[in-house]
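Here is my note on the model, point by point. Please keep the structure open while you read.

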There are 2 protein chains.
Amino acid sequence: MTTRGRPTLEAVARRAGVSRATVSRVVNGSTTVAASIRDVVNQAVEELGYVPNQAARSLVTRQTDSIALILPETANRVFSDDLFFPAIIRGVGAELEAADKQLVLMMTGSPAGHHRVERYAVAGHVDGVMFASIHGADPLPAALARKGIPVVCSGRPMHEDPPVPYVDVDHAGGVAAAVRHLVAGGRRRIATIAGPQDMVAGIERLIGYRQTLRAAGLPELVAAGDFTRESGVAAMRDLLDRDPELDAVFAASDLMAHGALQTLRAAGRQVPGDVAIIGFDDFEISRYTDPQLTTVRQPIGEAGRTMARQMLRLIAEDPDVPPSIVLPTELIIRASA
Amino acid sequence: MTTRGRPTLEAVARRAGVSRATVSRVVNGSTTVAASIRDVVNQAVEELGYVPNQAARSLVTRQTDSIALILPETANRVFSDDLFFPAIIRGVGAELEAADKQLVLMMTGSPAGHHRVERYAVAGHVDGVMFASIHGADPLPAALARKGIPVVCSGRPMHEDPPVPYVDVDHAGGVAAAVRHLVAGGRRRIATIAGPQDMVAGIERLIGYRQTLRAAGLPELVAAGDFTRESGVAAMRDLLDRDPELDAVFAASDLMAHGALQTLRAAGRQVPGDVAIIGFDDFEISRYTDPQLTTVRQPIGEAGRTMARQMLRLIAEDPDVPPSIVLPTELIIRASA
DNA sequence: CCCTTAAGATGAACCGGTTAAGTTATCGGG
DNA sequence: CCCGATAACTTAACCGGTTCATCTTAAGGG
């Protein structure tokens with residue numbers, strides 16, 4: 001009920017002594033309006049405090065100027081202590097704001113979440129849908145794309161019935177740089193704490209570890225994690241059990257690296273003296289651990305911005321939107337390795 | 001252009017052999033429809049994959065079923081490493097999702113941000129506006145309320161021309177518990193690192209510190225911070241300069257406490273041996289500092305949920321929505337004090 | 001001075017729903 | 001058997017914009 005007694009186009013037209021059509025053209029900045037009339041209309045708009053009704057406008061233009069961002073929210077992990085989603089939101093938000101589009105946030109935690117998102121998009125509530133970090137082979141992006149709705153994913157989608165444009169970072173390259181740094185530092189028993197294997201980020205970082213280690217002719221040692229600090233703690237304990245002599249760990253997230261760090265300290269290991277450790281993300285926390293964490297920086301905010309830009313081009317029906325964009329990662333060397 | 005060739009009410013009506021109005025009533029679950037017709041219509045809906053057009057619907061109902069959440073985003077601090085906003089978003093999101101409303105996120109970083117938000121709301125794009133953490137005497141909430149738009153704030157607004165409903169936490173009570181805990185532990189030179197004094201949260205936590213200390217007959221020692229880790233580091237250095245003999249610090253945020261902890265360690269102080277320290281927030285990080293941080297827990301997610309519930313009641317035109325709700329805080333005792 | 005042309009404004013037909021008022025069929029009571 | 005009440009559906013009038021075809025008017029050319 002927010003549009004109660006608000007002035008309509010009709011009211012402005014009456015006051016300015018012109019037709020509805022003319023007011024509409026003035027409001028939308030059409031060039032074929034005489035300057036004198038334009039001024040009269042603008043004054044009437046000013047005086048009445050006229051603001052166009054969005055629903056009426058969308059009804060005919062078929063555009064809402066708002067775009068959805070879908071967060072998986074699996075197991076409430078989304079915002080627990082994970083700075084990935086906030087960073088994505090910030091990047092996306094900044095870019096959309098510059099383009100004067102609105103960001104609609106949706107979380108698909110509930111079982112019926114997928115259906116809700118689909119309905120929402122099909123109902124024309126938004127002009128496009130962006131996905132932040134897909135879990136597993138989620139069929140939703142492809143399903144929406146099939147319905148003609150512009151879709152962009154952050155992180156390469158595993159399921160691509162119709163291929164969906166995506167933005168990702170160079171996981172493998174970053175991991176390779178990290179592992180090579182450990183090797184160059186003389187480490188020979190390099191373990192990894194892997195991310196969840198139902199997410200491309202988790203999978204690719206593990207692959208990167210394996211390939212680089214194999215190339216160096218060194219043995220693998222893998223423990224499973226899920227990007228959280230808790231899982232880092234548990235995985236590190238597991239690794240120490242399995243190989244007390246290990247001299248380096250690559251953790252697939254900063255949070256897991258932080259957890260591992262605590263476990264190593266509790267186990268009496270010096271970092272980086274006895275065991276070197278490298279994380280992935282470059283969250284702010286990595287500058288405040290003791291020792292400060294060497295890590296692979298991924299440009300999350302930039303990924304968000306890029307995703308938003310792709311979406312805007314898709315909506316503008318730009319014929320040659322790149323099907324994928326991979327952003328570079330960078331090894332940030334601090335004290336832990 | 002997401003609603004291209006999609007079936008309309010009209011199409012469903014033709015297929016089912018009834019009028020548009022009847023289909024509308026079936027879709028909206030009216031009771032005055034014969035079961036036989038209802039089934040026929042539902043089948044037609046199913047077969048055509050009909051989804052009501054949101055714009056057309058809002059145009060007449062004057063409802064959008066989406067609600068805005070405004071984030072101030074001052075100085076990019078919003079999502080840097082601060083888990084306050086993510087927690088609010090999660091709480092609000094969960095509650096709105098349960099009510100089948102959509103969350104529209106807006107950041108008012110740009111100078112024209114305020115005007116954009118106002119226009120957006122007045123245009124009827126959302127049914128109500130929630131503010132997460134007001135800075136200073138922001139006139140926007142009151143301005144919107146004056147226009148008849150439902151508004152709820154998280155954190156008591158300083159400016160209340162027409163008073164706006166709000167949800168806040170018991171800052172003073174939490175701080176009092178913290179400071180009393182320090183006093184009870186025998187601390188006598190208790191400093192504080194205050195939050196920004198243009199936010200109610202910063203102001204009230206400082207007042208709480210002052211009052212409790214005065215009641216205990218102890219001297220005050222205040223350093224300025226802005227809730228960030230960096231400011232905690234700087235403020236702690238400042239405090240050590242001014243009183244090298246201090247034996248306790250209450251930091252108005254966990255992040256500042258964390259920064260202070262690092263500085264104390266660098267200065268050779270034992271925590272809690274030489275100096276006790278208590279934070280405020282109970283972010284996850286406080287369980288991973290060394291030593292683990294004693295802190296005041298504030299139910300941020302719950303505040304978000306509560307704010308959303310108030311908004312829903314406001315929209316439903318519930319006559320007796322409480323003008324304010326203050327949630328309790330709780331001292332969580334760990335190792336640092 | 002008349003005709004063509006173009007600029008600029010208007011009238012009216014949508015867009016796709018909701019809902020008040022009107023119509024038709026059904027049924028019980030007198 | 002007729003009448004009014006009731007149930008269930010249809011008709012049509014909105015909601016508030018956009019836009020295209022049409023009309024008006026003034027300027028320019030021969």
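1. Start with two helices of chain A. Helices α1(A) and α3(A) are oblique to each other, because oblique covers the angles left over once under 35 degrees is called roughly parallel, over 145 roughly antiparallel and 65 to 115 roughly perpendicular. The axes of α1 (residues 9-16) and α3 (residues 35-48) of chain A cross at roughly 125 degrees and come within 9 Å. Axes are lines fitted to C-alpha atoms, for helices over the stretch in contact, and angles run from 0 to 180 degrees between N-to-C directions. The crossing of α1(A) and α3(A) is right-handed: the near helix is turned clockwise from the far one by less than a right angle.

2. Which residues of α1(A) and α3(A) meet? From α1(A) come A:Ala11, A:Val12, A:Arg15 and A:Ala16; from α3(A) come A:Val40, A:Val41, A:Ala44, A:Val45, A:Glu47 and A:Leu48. Contact means heavy atoms within 4.5 Å. By class, the contact of α1(A) with α3(A) has eight nonpolar, no polar and two charged residues. Nonpolar means Ala, Val, Leu, Ile, Met, Phe, Trp, Tyr, Cys and Pro; charged means Asp, Glu, Lys and Arg; the others, Gly among them, are polar.

3. A word on the basis. This is a predicted model, with local features needing pLDDT of at least 70 and side-chain atom pairs pLDDT 80 or more, while totals for chains, interfaces and linings use all residues. Residues are numbered from 1 along each chain as written, chains are lettered from A and ligands numbered from 1 in written order, and side-chain values use heavy atoms, without hydrogens and water.

4. Now chain A overall. Its secondary structure comes to 12 helices and 12 strands. Helices (H or I, at least four residues) and strands (E, at least two) are DSSP runs, numbered from the N terminus. The C-alpha trace of chain A spans about 85 × 40 × 35 Å along its principal axes.

5. Chain A has an open six-stranded sheet in the order β7-β6-β8-β9-β10-β12, with mixed pairing. Strands pair if DSSP finds at least two bridges between them. At the edges stand β7 (222-224) and β12 (330-332) of chain A; each has a single partner strand, so one side of each lacks a neighbour in the sheet. Neighbouring strands of this sheet are turned by 20 degrees against each other on average, direction ignored.

6. Strand β6 (residues 190-194) of chain A pairs with β7(A) in the parallel sense, over three bridges. A:Thr192 stands opposite A:Val222 in β7(A).

7. What lies across this sheet? Helix α9 (residues 200-215) of chain A lies across β6, β7, β8 and β9 of chain A, at about 165 degrees to β6(A). Helix α11 (residues 254-266) of chain A lies across β6, β8, β9 and β10 of chain A, at about 155 degrees to β9(A).

8. Turn to chain B. The axes of α5 (residues 84-98) and α12 (residues 300-315) of chain B come within 7 Å and cross at roughly 40 degrees. That makes α5(B) oblique to α12(B). The crossing is right-handed. Residues of this contact include B:Phe84 and B:Ile88 of α5(B) and B:Met307 and B:Leu312 of α12(B).

9. Chain B also has a pairing to check. Strand β10 (residues 294-297) of chain B runs antiparallel to β12(B), joined by three bridges. B:Val296 stands opposite B:Leu331 in β12(B).
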